[in-house]
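Biologist: Before I use the terms attached to this model, I would like to hear what each one rests on. Please put the values beside the cut-offs.

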Amino acid sequence: MKECFIKQTVKITYYTSPLFNSYGVSHMFTTKHGGVSSGEFESLNFAVGAGEKRDTTENVIKNHAIAAGVFGLSENDICRSYQNHSVNVEVVGNEYKGTGVYKDPFPYGVDGLVTTEKNLILSIRTADCVPVLLYDFRNKISSAVHAGWRGTLGRITSNAIKKMKSLGAKTENIIAAIGPCVGVCCYEVGEEVFKLFIESDNDFNSCFINKDSKLFFDLTKANELILIKSSIKKENISSSSLCTYCNENDFFSHRRNGSNRGTMSAFIVNK
Ligand SMILES: [Zn+2]
């Protein structure tokens, strides 16, 4: 389950899952490094931001172009989710190339994407939330999911698996990579979050830790639990133990820096 993700520098610096690499899946979880943005957004930033300080659209598009270049593709081959902590997952085809880059974004919340197309790069963005990549290695079906605590509670990862199955995927062929996110070391939550999860499924109890009378939530473990309950094999789940809050040198973190900060991206593409 927990694997030491591999840090690579090819134009940009990113992490990959050893399990996904063993299946030859083109994917990456980006870090802060290798882009053109400056200041709070230095340097590989994938969103203009929602705080007082904003990055330029031009920089954000350039960063997408640099990342797509690692796959030998262009920024026009990317389809971006439109995240609002929804549990919606959309199946996308080539007509969605460039969505959220040069084309308009989705007009409603789409926090997960699924495709069977080749050379269509799926992108979801995070800065503490959980990036989950899924891949059916026999049927070559890819998915990228953004799961914060709301998306996790709403089983968005399970929704993505259902969409993949509707396209012919089989759970025994699906591998999952859970990327860097805010770790249980740093993710303090209120009693109300605990209650919501326990009411939804008592098994989430194992995902909470009490430390100095504070409550900490293990988002990675919660998503592993959802994957296992969706019949994904344990050995087909690869989880990073990198915490975005702790590792300031490599990652942007909403909890650490608030709204005036950059955003990472997780990418997956069928080649
Ligand atoms: Zn931490």
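This is a predicted model: local features need pLDDT of at least 70, side-chain atom pairs count only at pLDDT 80 or more; totals for chains, interfaces and linings use all residues.

Biologist: What makes the radius of gyration agree with that of a compact globule?

Modeller: The radius is taken over C-alpha atoms, and the globule rule is 2.2 Å times the number of residues to the power 0.38. For 271 residues a compact globule would come near 18 Å, and the protein has 17 Å, so the two agree. Along the principal axes, the C-alpha atoms fill a box of roughly 45 × 45 × 35 Å.

Biologist: How many helices and strands does the protein have?

Modeller: There are seven helices and 15 strands. Both are DSSP runs numbered from the N terminus: helices are H or I with at least four residues, strands E with at least two.

Biologist: Why is strand 15 called mostly covered?

Modeller: Buried means under 20% relative accessible area, exposed over 50%, and partly exposed in between (1.4 Å probe, protein chains only). In strand 15, residues 264-269, six of six residues are buried. M264, A266 and I268 point one way, S265, F267 and V269 the other way, and all are buried. In a regular strand the side chains alternate between the two faces of the sheet. Across the protein, buried residues make up 56% of the 271.

Biologist: How do you know which strands pair with strand 15?

Modeller: Two strands pair if DSSP finds at least two bridges between them. Strand 3 (residues 26-30) has four bridges to strand 15, in the antiparallel sense, and M28 stands opposite F267. Strand 7 (residues 121-126) is joined to strand 15 by five bridges, also antiparallel, with R125 opposite S265.

Biologist: What makes the largest pocket a pocket, and what is its volume?

Modeller: On a 1 Å grid over the protein atoms alone, a pocket is an open set of points with protein on both sides within 12 Å along at least five of seven lines; lining residues have an atom within 4 Å of a point. The largest pocket holds about 910 Å³, a volume being the space filled by probe spheres set on the points, which are joined across faces, edges and corners. Of its 33 lining residues, A47, Q83, R125, R261 and T263 are the closest to the centre. Helix 2 (57-70) gives the most to the lining, with four residues.

Biologist: Why is H85 called partly exposed?

Modeller: H85 has 35% relative accessibility, so it counts as partly exposed. H85 lies in the loop between strand 4 (78-80) and strand 5 (89-91), and its phi is near 60 degrees, a positive value in a residue other than glycine.

Biologist: What makes K140 partly exposed?

Modeller: Its relative accessible area is 41%, so K140 is partly exposed. K140 sits in the loop between strand 8 (130-136) and strand 9 (141-147), with phi near 50 degrees.

Biologist: Which residues does a cis peptide bond join?

Modeller: The bond joins E42 and S43, with omega about -10 degrees. S43 lies in the loop between strand 3 and helix 2.

Definitions and conventions: Residues are numbered from 1 along each chain as its sequence is written. Side-chain values use heavy atoms; hydrogens and water are left out. On a 1 Å grid over the protein atoms alone, a cavity is a set of points where a 1.4 Å probe fits but cannot get out, and a pocket is an open set with protein on both sides within 12 Å along at least five of seven lines; lining residues have an atom within 4 Å of a point.
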